[in-house]
Amino acid sequence: MSISGNKSIVVRQVFAKDLDSELLIIKEANLRYPFLSIDIEFPGTIFKPSKQVIREGNPVINYHYMKSNVDALQIIQLSLSLSDAQGNLPDFDTPFSYIWEFNFRDFVNRDHYASDSIELLKRQGIDFEKNREKGIDSKDFAKKF
């Protein structure tokens with residue numbers, strides 16, 4: 001499997017002002033790159049099962065905990081990549097391959113969060129202040145996506 005022909009990958013940072021234009025680009029690229037991968041950043045895990053529950057590994061209970069966290073927490077970022085059947089990412093006839101990171105404004109410090117997760121996301125480069133000022137409203141994203 002070729003991964004984008006060894007091209008450097010450029011992350012297209014998307015904020016509210018860019019949302020419509022980037023979604024049009026994605027819509028067009030999706031015709032040639034029909035495989036979609038999504039990764040979502042939330043502010044950690046606030047509902048955690050006991051060690052006994054973890055050892056049991058019950059998928060229904062695991063789903064319940066994951067859903068409870070997703071329902072209670074605000075989205076911070078959604079990363080999206082498109083690829084073709086060979087694993088190539090869109091390159092738009094440039095020397096680079098592209099993926100997207102949609103930055104959301106929904107999360108604010110008064111929301112529930114796990115502080116260790118927020119610190120990790122800050123170290124990874126998420127600018128929470130910029131997200132609050134210029135980020136995408138998740139309801140707007142949901143309608144348009």
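Buried, as used here, means under 20% relative accessible area, exposed means over 50%, and partly exposed lies in between, computed with a 1.4 Å probe on protein chains only. Keep those words in mind as we walk through this predicted model, in which local features need pLDDT of at least 70, side-chain atom pairs count only at pLDDT 80 or more, and totals for chains, interfaces and linings use all residues. Residues are numbered from 1 along each chain as its sequence is written, and side-chain values use heavy atoms, with hydrogens and water left out.

Let's begin with helix α4, residues 115–123. Helices (H or I, at least four residues) and strands (E, at least two) are DSSP runs, numbered from the N terminus. The buried residues of α4 are Ser 117, Ile 118 and Leu 121. Looking down the axis of α4, you would find these buried residues within an arc of 100°, so they line one face of the helix; the arc is that of the directions from the helix axis to the C-beta atoms. On the face turned away from that buried side, α4 carries the exposed residues Asp 116 and Arg 123. The buried residues of α4 pack against β2 and α5 (128–134), where contact means heavy atoms within 4.5 Å. After α4 comes Gly 125, with a positive phi near 105°.

Ser 117 is in contact with Gly 44, as are Leu 73 and Ala 114, leaving aside the neighbours of Gly 44 within four places in sequence. Gly 44 is found in the loop between β2 (35–41) and α2 (51–56). With 15% relative accessibility, Gly 44 counts as buried.

Now for the sheet. Four strands form an open sheet in the order β1-β4-β3-β2, with mixed pairing; two strands pair if DSSP finds at least two bridges between them. At the edges are β1 (8–14) and β2, each pairing on one side only. From one strand to the next, the twist averages 25°. Axes here are lines fitted to C-alpha atoms, for helices over the stretch in contact, and angles run from 0 to 180 degrees between N-to-C directions. Strands β2 and β3 run antiparallel and are joined by seven bridges. For Phe 35, the bridge partner in β3 is Ser 83. Helix α1 (residues 19–30) packs on the sheet and touches β1, β3 and β4, with its direction at about 135° to that of β4.

The loop between β3 (77–83) and β4 (96–103) is worth a stop, and Asp 91 is found there. Asp 91 counts as buried at 15% relative accessibility. Not counting residues up to four places away in sequence, Asp 91 touches Lys 7, Tyr 33, Phe 96, Ser 97 and Tyr 98. Phe 92 is found in this loop between β3 and β4 too, and has a positive phi of about 50° although it is not a glycine. Phe 92 is partly exposed, with a relative accessible area of 34%. Asp 93, which lies in the loop between β3 and β4, has a positive phi near 55°, again in a residue other than glycine. Asp 93 is exposed, with a relative accessible area of 76%.

Tyr 98, one of the contacts of Asp 91, has another partner. The charged end of Arg 12 sits over the ring of Tyr 98, 5.4 Å from its centre. A charge sits over a ring if NZ of Lys or CZ of Arg is within 6 Å of the ring centre and within 35 degrees of the ring normal.

Finally, the aromatic rings. A search of the whole structure finds seven aromatic pairs. Rings of Phe, Tyr and Trp (its six-membered ring) pair if their centres lie within 6.5 Å; planes under 30 degrees apart count as stacked, over 60 as edge-to-face and the rest as tilted. Phe 107 and Tyr 113 have ring centres 5.9 Å apart and planes at 90°, so the pair is edge-to-face. Phe 107 counts as buried at 3% relative accessibility, while Tyr 113 counts as partly exposed at 35%. The rings of Phe 141 and Phe 145 have centres 5.0 Å apart and planes at 15°, so this pair is stacked. Phe 141 is buried, with a relative accessible area of 8%, and Phe 145 counts as partly exposed at 46%. Ring pairs also link Phe 141 and Phe 145 with Phe 102 and Phe 104 into a cluster.
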